[in-house]
Amino acid sequence: MKDIRSDWTLTEILDTYNSPLLELVYRAAGIHRKYNNSSEVQVSSLISIKTGGCSEDCSYCPQAARYNTGVDVHKLMPIEQVLSAAEKAKAGGASRLCMGAAWREVRDNSDFDRVLEMVKAVNGLNMEVCCTLGMLTESQAQRLADAGLYAYNHNLDTSEENYKSIITTRTYDDRLTTIANARKAGVTVCSGGIIGMGESAEDRVKLLLTLSRLDPQPESVPINALVPVAGTPLEKQPLLPIWDMIRMIATTRIVMPKTVVRLSAGRTAMSDEGQAFCFLAGANSIFAGDKLLTTANPDFKQDRRLFDSLGLKPKQNTVQNTLVNETVLD
Ligand code: SAM
Ligand code: DTB
Ligand code: SF4
């Protein structure tokens with residue numbers, strides 16, 4: 001049977017997810033080695049270009065204005081600050097920079113113009129540029145593409161059925177529309193979810209079913225473990241068992257063989273051995289640098305040590321940057 005499929009069924013993915021753990025990992029590791037270089041891990045770095053004060057009610061998020069989480073709220077950063085953070089990330093081994101803004105949606109205003117300038121500037125460093133700015137129209141996606149955006153991150157987070165219990169201020173369809181808008185503009189798609197929010201195994205599998213049926217499948221799928229933040233409705237959620245993360249990564253790898261599967265939020269609570277299992281099961285990307293958007297993450301040095309112990313190396317950026325010359329000439 002062929003491996004790259006857009007016709008996975010719920011039962012097939014559920015059976016895969018529930019199969020004996022070591023068999024599941026063995027199968028996922030085989031698929032991973034067939035389609036990817038298993039000794040390479042793509043390293044991304046995150047920067048929060050606009051923090052907190054968001055109008056949405058995402059139950060997991062420390063940046064929603066309605067929860068008292070004590071995040072350090074700040075308006076859109078100056079371009080120079082983004083550039084120096086990007087340079088630091090590049091020096092630490094990151095080949096991709098993801099800029100996140102706590103916005104419900106992008107508006108056509110001077111802030112968006114500044115984000116477009118940031119995209120151009122980071123492109124000039126020859127890094128893959130990714131943004132996560134909330135909902136986008138097709139023309140906004142096109143303007144980002146024209147500025148040289150490589151990827152747009154917009155997570156589906158959970159199953160359509162469970163979505164309403166996590167977020168009420170937007171719909172699953174809104175998310176799918178933004179993903180389609182990014183795709184139409186020729187920007188690659190990064191979309192995944194969060195586990196450990198109290199969802200069932202079936203919710204996790206339904207998320208993967210939806211992602212696997214996107215045509216083409218997303219180029220990158222971040223799997224986040226919930227970071228329970230005090231002040232959010234999910235603050236009391238127990239920490240995700242590592243075995244659940246390994247199962248989710250392995251299943252993602254099997255249903256989306258060529259996708260970059262990112263072991264995302266939650267790594268500070270994971271052991272090196274737990275993370276090693278995730279890499280074996282097909283994870284081939286991480287966020288590196290001591291901060292995600294607002295919460296802690298292992299620093300570059302710690303990850304370098306982990307890579308050295310496991311014989312992994314950071315993937316070099318192979319994307320040819322067509323806008324570099326243009327930026328230099330500007
Ligand atoms: N506002 C934009 C949006 O919602 O698309 C972009 C930023 S938002 C913070 C990006 C993603 O971070 C969310 O879709 C969610 O998957 C993830 N995230 C936020 N808080 C998290 C938490 N406490 N634990 C794990 N992942 C989280
Ligand atoms: C994704 O899936 N995870 C990243 C990135 N995409 C934007 C964000 C994780 C945020 C974790 C909570 C925080 O640091 O605020
Ligand atoms: Fe706002 Fe994004 Fe956080 Fe939701 S996840 S509250 S949209 S920043």
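Helices H10 and H11 are oblique to each other, because angles that are neither roughly parallel (under 35 degrees), roughly antiparallel (over 145) nor roughly perpendicular (65 to 115) count as oblique. This is a predicted model. The axes of H10 (residues 272-280) and H11 (residues 300-310) cross at roughly 60° and come within 11 Å. The crossing of H10 past H11 is right-handed. On the H10 side the contact uses Asp272, Gln275, Ala276 and Phe279, and on the H11 side Leu306, Phe307 and Leu310. By class, five of these residues are nonpolar, one is polar and one is charged.

## Packing of H2

Helix H2 has contacts with H9 and with H10.

H2 (residues 21-35) packs on H9 (residues 242-255) at an angle of about 40°, and their axes are 9 Å apart. H2 and H9 are therefore oblique to each other, and their crossing is left-handed. From H2, the residues in contact are Leu21, Leu24, Val25, Arg27, Ala28, Ile31 and His32; from H9, they are Trp243, Ile246, Arg247, Ala250, Thr251, Arg253 and Ile254. The residues of this contact comprise nine nonpolar, two polar and three charged.

H2 also packs against H10, with an angle of about 55° and axes 8 Å apart. That angle makes H2 oblique to H10. Leu22, Val25, Ala29, His32 and Arg33 of H2 meet Phe277, Phe279 and Leu280 of H10. This contact has six nonpolar residues, one polar and one charged. Val25 and His32 of H2 take part here, and Val25 and His32 are also listed in the contact with H9. Phe279 of H10 meets H2 and is also in the contact with H11.

The angles and axis distances are set out below.

| Helix pair | Angle | Axes |
|---|---|---|
| H2 and H9 | about 40° | 9 Å apart |
| H2 and H10 | about 55° | 8 Å apart |
| H10 and H11 | roughly 60° | within 11 Å |

## Nonpolar cores

The largest nonpolar core has 88 residues, of which Ile49, Tyr60, Met99, Val115, Leu133 and Leu144 touch the most other members. H9 supplies the largest share of this core, with seven residues. Which residues does valine 115 touch, not counting residues up to four places away in sequence? Valine 115 touches Ile49, Leu76, Trp103, Cys131, Leu133 and Leu144. A second, separate core has seven residues, including Cys98, Cys130, Ala151 and Leu292.

Most residues other than glycine have a negative phi, and most peptide bonds are trans.

Asparagine 126 is not a glycine, yet its phi is positive, at about 60°. Asparagine 126 sits in the loop between helix H4 (110-123) and strand S3 (128-132). Its relative accessibility is 36%, so asparagine 126 counts as partly exposed.

Aspartate 157 likewise has a positive phi, near 70°. Its place is the loop between strand S4 (151-153) and helix H6 (160-166). Is aspartate 157 buried or exposed? Aspartate 157 has 2% relative accessibility and so counts as buried, because the cut-off for buried is under 20%.

From aspartate 215 to proline 216 the bond is cis, with omega near 0°. Proline 216 is in the loop between helix H8 (201-213) and strand S7 (220-225).

Definitions and conventions
Residues numbered from 1 in each chain as written. Chains lettered and ligands numbered in written order. Predicted model: local features only at pLDDT ≥ 70, side-chain atom pairs only at ≥ 80, totals over all residues. Heavy atoms only, no water. Axes fitted to C-alpha atoms, helices over the stretch in contact; angles between N-to-C directions. Helix = DSSP H or I, 4+ residues; strand = E, 2+ residues; numbered from the N terminus. Left-handed = near helix turned anticlockwise from the far one by under 90°. Contact = heavy atoms within 4.5 Å. Nonpolar A, V, L, I, M, F, W, Y, C, P; charged D, E, K, R; others polar. Core = buried A, V, L, I, M, F, W, Y, C linked by side-chain atoms within 4.5 Å. Buried < 20%, exposed > 50% of the residue type's maximum accessible area, 1.4 Å probe, protein only.
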